[in-house]
Amino acid sequence: MDIRPVREGEADRLRSLRLQALDDAPHAYFWPREAEEAVDWTPWTTSADRVMFVVEDDDVWLGMAGCSLRGDGSGVLDATGMWVSPSARGQSLGERLIDAIVKWGRERGATVMEFAVTDDNTAAIALYTRLGFTPTGRRRNLVSDPSRTGIFMAKGI
Ligand SMILES: CC(C)(COP(=O)(O)OP(=O)(O)OC[C@H]1O[C@@H](n2cnc3c(N)ncnc32)[C@H](O)[C@@H]1OP(=O)(O)O)[C@@H](O)C(=O)NCCC(=O)NCCS
């Protein structure tokens with residue numbers, strides 16, 4: 001299975017994958033499906049300051065995760081959208097997606113990687129903890145359900 005950046009011309013396919021992720025694991029994400037349906041993913045396929053990686057198996061997309069460089073010179077890389085298809089979990093694809101993000105960020109001068117995860121997502125938090133990410137103390141309510149909370153995790157890269 002390959003992990004590669006989404007290319008120009010693949011924005012619609014990326015939106016479909018993102019909606020697949022939301023349908024599979026709505027509780028893992030901060031935004032409601034209605035908002036996500038309207039997102040134009042084109043900048044994620046064309047801009048130099050962000051990238052979305054997909055897991056590709058024989059032209060089938062089985063996962064995704066991306067990141068963007070914070071434009072304030074802080075060296076922070078904001079990661080987002082982590083998802084691996086249920087059929088492909090437990091094969092280190094989540095870890096490989098994070099590795100790809102870290103490498104991409106380092107090559108562009110990032111020194112810290114940060115992201116939010118819902119505080120009840122024990123599987124994801126276990127993975128991130130194993131990879132050395134720790135809670136920053138910052139928290140954020142979900143847009144889709146403000147009664148639920150996410151924590152931010154970060155690591156120097
Ligand atoms: C979180 C997710 C991306 C992990 O993908 P993956 O390809 O299975 O990850 P990996 O194979 O690299 O690592 C699996 C790790 O996840 C954690 N994990 C998986 N299932 C778990 C469970 N039921 N309980 C606790 N930890 C679990 C463990 O740390 C495990 O590592 P281990 O096998 O060494 O114990 C995937 O489960 C997923 O897409 N979940 C739904 C969406 C989601 O939660 N996205 C994250 C948003 S922040």
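In what order do the strands of the open sheet run? Hi everyone, let's start there. This is a predicted model, and its open sheet is built from 7 strands in the order β1-β2-β3-β4-β5-β7-β6. The pairing is mixed. As a quick reminder, strands of a sheet pair through backbone hydrogen bonds, either parallel or antiparallel.

If you look for the edges, you will find β1, residues 2-5, and β6, residues 134-141, each of which pairs on one side only. Direction ignored, neighbouring strands of the sheet are turned by 25° against each other on average.

Let's stop at one pair. β3 and β4 run antiparallel to each other, and 6 bridges join them.

Now for the core. The largest nonpolar core has 37 residues. Met52, Phe53, Met64, Ala65, Leu97 and Ile101 are the ones with the most contacts inside it. Several elements each supply at least two residues of this core, among them α1 (11-24), β2 (50-57), β3 (60-69) and α4 (93-107). The strands β4 (76-84), β5 (112-118) and β7 (149-156) are also on that list.

Leaving aside neighbours within four places in sequence, leucine 97 is in contact with Ile3, Phe53, Val55, Gly63, Ala65 and Met82.

Is arginine 96 buried, exposed or partly exposed? Arginine 96 has 18 other C-beta atoms within 10 Å, so it counts as partly exposed; buried would take 20 or more, and exposed 12 or fewer. Arginine 96 and valine 55 are 41 residues apart in sequence, while their C-alpha atoms are 9.2 Å apart in space.

Last stop, the ligand. Which residues come nearest to it? Of the 20 residues around the ligand, the nearest are Ala28, Arg89, Gly94, Ala123 and Ala126. By class, this shell has 11 nonpolar, 6 polar and 3 charged residues. β4, α4 and α5 (122-130) each supply at least two of the shell residues, and α5 gives the most, with 6 residues.

Notes: Residues numbered from 1 in each chain as written. Predicted model: local features only at pLDDT ≥ 70, side-chain atom pairs only at ≥ 80, totals over all residues. Core = buried A, V, L, I, M, F, W, Y, C linked by C-beta atoms within 7 Å. Helix = DSSP H or I, 4+ residues; strand = E, 2+ residues; numbered from the N terminus. Contact = placed C-beta atoms within 7 Å. Pairing = 2+ DSSP bridges. Axes fitted to C-alpha atoms, helices over the stretch in contact; angles between N-to-C directions. Near = placed C-beta within 6 Å. Nonpolar A, V, L, I, M, F, W, Y, C, P; charged D, E, K, R; others polar.
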